[in-house]
Amino acid sequence: LLNARVAFESADGRYSLALWGKNLTDEDVVSSAGSVPLPPPNGPKLYVVLRDPRTYGVTFNARF
């Protein structure tokens, strides 16, 4: 996975601004998988849980 974060902070340390992104290449990554037993005729059902898709954001902090 490709994650990135860049942050800027004021000289006095009171303010900071960060730009961040997770899974920037938008890869499908399995976080868990398994099966659920069901009665016949349905039989077991398989499931796969994927990690979050590409996410990004901005974080701003102010210290008083």
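**Entry 1. Terms and basis**

I take helices (H or I, at least four residues) and strands (E, at least two) as DSSP runs, numbered from the N terminus. With that convention, I placed Arg 54 in the loop between strand 4 and strand 5 (55-62). I note that this is a predicted model, in which local features need pLDDT of at least 70 and side-chain atom pairs count only at pLDDT 80 or more, while totals for chains, interfaces and linings use all residues. Residues are numbered from 1 along each chain as its sequence is written, and side-chain values use heavy atoms, with hydrogens and water left out.

**Entry 2. The chain as a whole**

I counted five strands and zero helices in the protein chain. Read from the N terminus, the order of elements is β-β-β-β-β.

I then looked up the overall dimensions. The C-alpha trace spans about 65 × 25 × 10 Å along its principal axes. The radius of gyration of the protein chain is 20 Å, whereas a compact globule of 64 residues would have one near 11 Å. This radius is taken over C-alpha atoms, and the globule rule is 2.2 Å times the number of residues to the power 0.38.

For burial I use relative accessible area: buried is under 20%, exposed over 50%, and partly exposed in between (1.4 Å probe, protein chains only). Buried residues account for 11% of the 64 residues. I found an accessible surface of about 5400 Å² for the protein chain, with 58% of it belonging to carbon and sulfur atoms. Those areas come from the Shrake-Rupley method with a 1.4 Å probe, and for residues only the protein chains shown count as cover.

Contact here means heavy atoms within 4.5 Å. Of the contacts between residues at least 6 apart in sequence, 43% join residues at least 24 apart.

I also recorded the charges: 7 positive and 6 negative side chains, the centres of the two sets lying 5 Å apart. Lys and Arg count as positive and Asp and Glu as negative, with His and the chain ends not counted. The place of a charge is taken as NZ of Lys, CZ of Arg, CG of Asp or CD of Glu.

I located Asn 23 in the loop between strand 2 (15-22) and strand 3 (30-36). Is Asn 23 buried or exposed? Asn 23 counts as buried because its relative accessible area is 4%. Its contacts, leaving aside neighbours within four places in sequence, are Leu 1, Leu 2, Asn 3, Asp 52, Pro 53 and Arg 54. A polar atom of the Asn 23 side chain lies 3.1 Å from the backbone oxygen of Asp 52. A polar contact is a pair of N or O atoms within 3.5 Å; within protein, one must be able to donate a hydrogen and the other to accept it, and residues adjacent in sequence count only if both atoms are side-chain atoms.

I noted a positive phi for Asn 23, near 50 degrees, in a residue other than glycine. Asp 26 lies in the loop between strand 2 and strand 3, and its phi, near 55 degrees, is positive as well. Asp 26 is partly exposed because its relative accessibility is 36%.

**Entry 3. Arg 54**

I returned to Arg 54, which counts as partly exposed at 40% relative accessibility. Which residues does Arg 54 touch, not counting those up to four places away in sequence? They are Lys 22, Asn 23, Leu 24, Thr 25 and Asp 26. The Arg 54 side chain reaches the backbone oxygen of Leu 24 at 3.0 Å. Arg 54 and Asp 26 are 28 residues apart along the chain, and their C-alpha atoms are separated by 4.9 Å.

In strand 2 I examined Ser 16, which is buried at 11% relative accessibility. Beyond four places in sequence, Ser 16 touches Phe 8, Glu 9, Thr 59, Phe 60, Asn 61 and Arg 63.

In strand 3 I examined Ser 32, which is partly exposed at 32%. Beyond four places in sequence, Ser 32 touches Val 48 and Val 49. Its C-alpha atom is 29 Å from that of Leu 19, 13 residues away along the chain.

Gly 34 also lies in strand 3 and is partly exposed at 25%. Gly 34 and Phe 64 are 48 Å apart, C-alpha to C-alpha, and 30 residues apart in sequence.

**Entry 4. A cis peptide bond**

I found that the peptide bond from Pro 40 to Pro 41 is cis, with omega near 5 degrees. Pro 41 lies in the loop between strand 3 and strand 4 (45-50).
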